[in-house]
Amino acid sequence: FLYELLSINHSGVPLQALAGLQQLRHLELAGVPLTTKDFDDVTEWPQNLEVLMLLRNSNVRNKHLQQIGALQYLRCLSLAWCDDLSNDGMSHLSSLLNLESLNISGTRVTALGLRNLAPLEKLEELILCDCDVSDGEFRAVTNLKSLKSVRVSDNKINAPFSKEPMLALQRRGVIVSSVEEE
């Protein structure tokens, strides 16, 4: 039980040490002032990770998602406010077949990147707040058949509930929410 949950909220912890924590299930690195080199030094993430929270880490790059894409047990991934991430990195996430929840708020992901999520048949929750997704581009999300909840506030989507992609999701019982209705 000792290493099932690890939350790091300060610097000074070398990320390469994580490879030895193979029983680690839940890792939070929220707002830790890590450098790009810190992420480059990670040769292997703990393979049994189920939850990985990397939010507010501006030094996470698209190339770092390649190793994250190899985490076959990952169920929940937050890359919120990792503002350097874009469509290029999303292709690495298409192999996360057990992923149930993905937060890519505050990234530069558009519909082009969202299309890479199509293989994620277990994805139930998608949070896309403050991304560069517009009305027409949102159509890529309608192909995610297991979705139960989508958050889309602060995007280029106008009158979200009057647009066809949103209505298609709602007809399937997907909860589509935005700031305007809260």
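These are my notebook entries on a predicted model of one protein.

**Ground rules**

I number residues from 1 along each chain as its sequence is written, and my side-chain values use heavy atoms, with hydrogens and water left out.

**Entry: confidence**

I looked up pLDDT, the predictor's confidence in each residue, from 0 to 100. The protein averages 80, and 82% of its residues score at least 70. Where is confidence lowest? I found it in strand β1, residues 5-7, with a mean of 57. Strand β5, residues 101-103, has the highest value, 97. I note that coordinates with low pLDDT should not be read in detail.

**Entry: overall layout**

I counted five helices and eight strands. Both are DSSP runs, numbered from the N terminus: helices are H or I with at least four residues, strands are E with at least two. From the N terminus on, I read the order as β-β-α-β-α-β-α-β-α-β-β-α-β.

Next I checked burial. Buried means under 20% relative accessible area, exposed means over 50%, and partly exposed is in between (1.4 Å probe, protein chains only). Of the 182 residues, 46% are buried. The accessible surface comes to about 8,700 Å² (Shrake-Rupley method, 1.4 Å probe; for residues, only the protein chains shown count as cover). Carbon and sulfur atoms hold 49% of that surface.

Then I looked at contacts, meaning heavy atoms within 4.5 Å. I took those with a separation of 6 or more, and 55% of them join residues 24 or more positions apart.

**Entry: S105**

I found S105 in the loop between β5 and α4 (111-114). Is S105 buried or exposed? It counts as buried, because its relative accessibility is 3%. Leaving out residues up to four places away in sequence, I saw that S105 touches L79, A80, W81, I127, L128, C129 and C131. A polar atom of the S105 side chain lies 3.1 Å from the backbone nitrogen of C129.

**Entry: helix α5**

Helix α5 spans residues 164-171. Which of its residues are buried? I listed P165, M166 and L169. Seen down the axis of α5, they fall within an arc of 100°, so they line one face of the helix. The arc is that of the directions from the helix axis to the C-beta atoms. I recalled that an α-helix has 3.6 residues a turn, so residues three or four places apart point the same way. The buried residues of α5 pack against β7 (149-151) and β8 (175-177). After α5 comes G173, with a positive phi near 90°.

**Entry: salt bridges**

I use the term for a side-chain nitrogen of Lys or Arg within 4 Å of a carboxyl oxygen of Asp or Glu. Side chains of opposite charge can pair when their charged atoms come close. How many salt bridges does the structure hold? I found six.

E50 and R75 meet in one, at 3.2 Å from N to O. E50 lies in the loop between α1 (36-40) and β3 (51-53), and R75 in the loop between α2 (65-68) and β4 (76-78), so the pair ties together parts that are 25 residues apart in sequence. E50 is partly exposed at 26%, and R75 is partly exposed at 33%.

R75 also forms a salt bridge with E100, with the closest N and O atoms 3.9 Å apart. This pair links distant parts of the chain, 25 residues apart, with E100 in the loop between α3 (87-90) and β5. E100 is partly exposed too, at 29%. I noted a network of salt bridges that links R25, E50, R75 and E100.

I then turned to R108 and D84, whose closest N and O atoms are 3.5 Å apart in a salt bridge. R108 is in the loop between β5 and α4 and D84 in the loop between β4 and α3, so they tie together parts that are 24 residues apart in sequence. R108 is partly exposed at 40%, and D84 is partly exposed at 26%.

**Entry: D132**

I placed D132 in the loop between β6 (125-127) and β7. Its relative accessible area is 33%, so D132 is partly exposed. The C-alpha atoms of D132 and R108 are separated by 6.0 Å, although the two residues are 24 apart along the chain.

Note on methods. A polar contact is a pair of N or O atoms within 3.5 Å; within protein, one must be able to donate a hydrogen and the other to accept it, and residues adjacent in sequence count only if both atoms are side-chain atoms.
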